Amino acid sequence: MAGVPEKARFYLERAVPQLREFESKGIFTTDEIRALVRKRTDFEHLVLSPGNKPTDWLNYAAWEKSLETLRAKRCRRLQIRASSKHTGQGRIFGILERAVNRHPGSIELWKEYLAYAKDMKATKRYRKIMTRALRMHPTKPELWVLAGRRSASNGDMQAARGFFMRGARFCSRDATVWLEYARCEMEWLGRMDAKKGKRGGTERALREQAEHSDDEIKFPEEDSDDDEADGHTQLVLPDPENSTTKRVFDEEATKKLEGNPALDGAIPLAIFDIATKQPFFSPSIAEQFFDLFASFASVSAQARIVQHVLDSMILQYPNDPATCFCRIRRPLINVDANAPSYPKALREALTHLKSSLSTTNDTSRLAEKVRSWIEPILTSEDLDPGIRIVLEHTVQSLRKP
């Protein structure tokens, strides 16, 4: 069995053609190349030693990235166009591949590997890395969120929903996947609402939802025609009849699809309702859902979704500070501090505040939440003087014992 020096020499010798190119084209001087070889040797001995750590591999990959960046800058300055970047990128990919094989339990290494594949736009490699990472760490919510959000950013909501739903089944003790799934669906609703506002956008939005209604969930996301089967992945393809049938939208079909629950916020509501039955659900998690939904002012179904969350909180935790705080802020959602309707909404919010202070089971915590909410509003220079006086008086009254 080869020792550390022999293994290090093997990997160092594979970089010799690149070093010769550096010397022949004048990208690096002879002294600089010697320094590069010494640094690489030190890194190879470090990562191949029995006691190596994931941080050692991360530092090695970071150094190789900086070297590749320097090479690209010098090639631009010297106007050298024949120097290929694929050699350096391939070396970095090789280091990260060795790293995850050596430390498969390190999430940081998998995330770094995925991030580099994304930066290099290596789509096929990214899919395979993500598949391996999810199979190795099915209970890590950050990986499911990463996979789902990437699919959503590429416009494949069906694949994104598949990742989020699988992640929700595996990560039933953590709210991260559920919150990000709800966020992703709200972003999708915002895009659908934006399409409806354009000429012919309503039909396009309805068509997009209808075309995805019968697809099967694919796992992993390896659906390209030129992907080679690697023996570890089983593809689940959509029904060919459903994927090839041309859908025709007449007036009657359009009217039926306009009442599609998915376009009216049914999916975020379902995510929240199912989340309420999970072990992790608590008043603080419900408040996070409330804040998440309240941040999407452009979604037409936002008011109904926010009210549904608040009603559920009042039903399950009527006197909890989180519920009282959400009830206080509800009238002011999407109302600008300089809007004419703000004083009326503020009056209603202060009424809820007064009643909540007498019914909540933790007055000090509620007062702290309200203060942290009002103080940023008072920093606005354009705030109406009358509203400023009212808010300052409210903050002062909350500080009284």
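The model is a predicted one, in which local features need pLDDT of at least 70 and side-chain atom pairs count only at pLDDT 80 or more, while totals for chains, interfaces and linings use all residues. Residues are numbered from 1 along each chain as its sequence is written, and side-chain values rest on heavy atoms, with hydrogens and water left out.

On a 1 Å grid over the protein atoms alone, a cavity is a set of points where a 1.4 Å probe fits but cannot get out, whereas a pocket is an open set with protein on both sides within 12 Å along at least five of seven lines; lining residues have an atom within 4 Å of a point. Grid points are joined across faces, edges and corners, and a volume is the space filled by probe spheres set on the points.

The largest pocket has a volume of about 310 Å³. Its lining comprises 13 residues, and those nearest the centre are Tyr11, Arg14, Gly90, Arg91 and Gly94. Helices here are DSSP runs (H or I, at least four residues), numbered from the N terminus as strands are (E, at least two). Helices α2 (16-24) and α5 (86-102) each supply at least two residues of this lining, and α5 gives the largest share, six residues. By type, the lining of the largest pocket holds four nonpolar, four polar and five charged residues (nonpolar: Ala, Val, Leu, Ile, Met, Phe, Trp, Tyr, Cys and Pro; charged: Asp, Glu, Lys and Arg; polar: the others, Gly among them).

Across the whole structure, the search finds two cavities of 30 Å³ or more. The largest cavity contains about 50 Å³ of space, and its lining consists of Gln18, Phe22, Arg40, Glu64, Leu67, Glu68, Arg71, Gly88 and Arg91. Two or more of these residues come from each of α2, α4 (54-78) and α5, with the largest share, four residues, from α4.

Attention now turns to the aromatic rings. Rings of Phe, Tyr and Trp (its six-membered ring) pair if their centres lie within 6.5 Å; planes under 30 degrees apart count as stacked, over 60 as edge-to-face and the rest as tilted. The count comes to 14 aromatic pairs. In one of them, the rings of Phe93 and Tyr113 have centres 6.4 Å apart and planes at 50°, so this pair is tilted. Phe93 belongs to α5 and Tyr113 to α6 (residues 107-119), so the pair ties together parts 20 residues apart in sequence. Phe93 also forms an edge-to-face pair with Tyr116, at 4.9 Å centre to centre and 65° between the planes. Phe93 counts as buried at 8% relative accessibility, and Tyr116 is buried at 5% (buried means under 20% relative accessible area, exposed over 50%, partly exposed in between, with a 1.4 Å probe and protein chains only).

The charged end of Arg125 sits over the ring of Phe93, 4.2 Å from its centre (NZ of Lys or CZ of Arg within 6 Å of the ring centre and within 35 degrees of the ring normal). Elsewhere, ring pairs link Phe272, Phe281, Phe289, Phe293 and Tyr317 into a cluster.

Finally, Ala266 lies in helix α14 (residues 266-275) and is partly exposed, with a relative accessible area of 28%.
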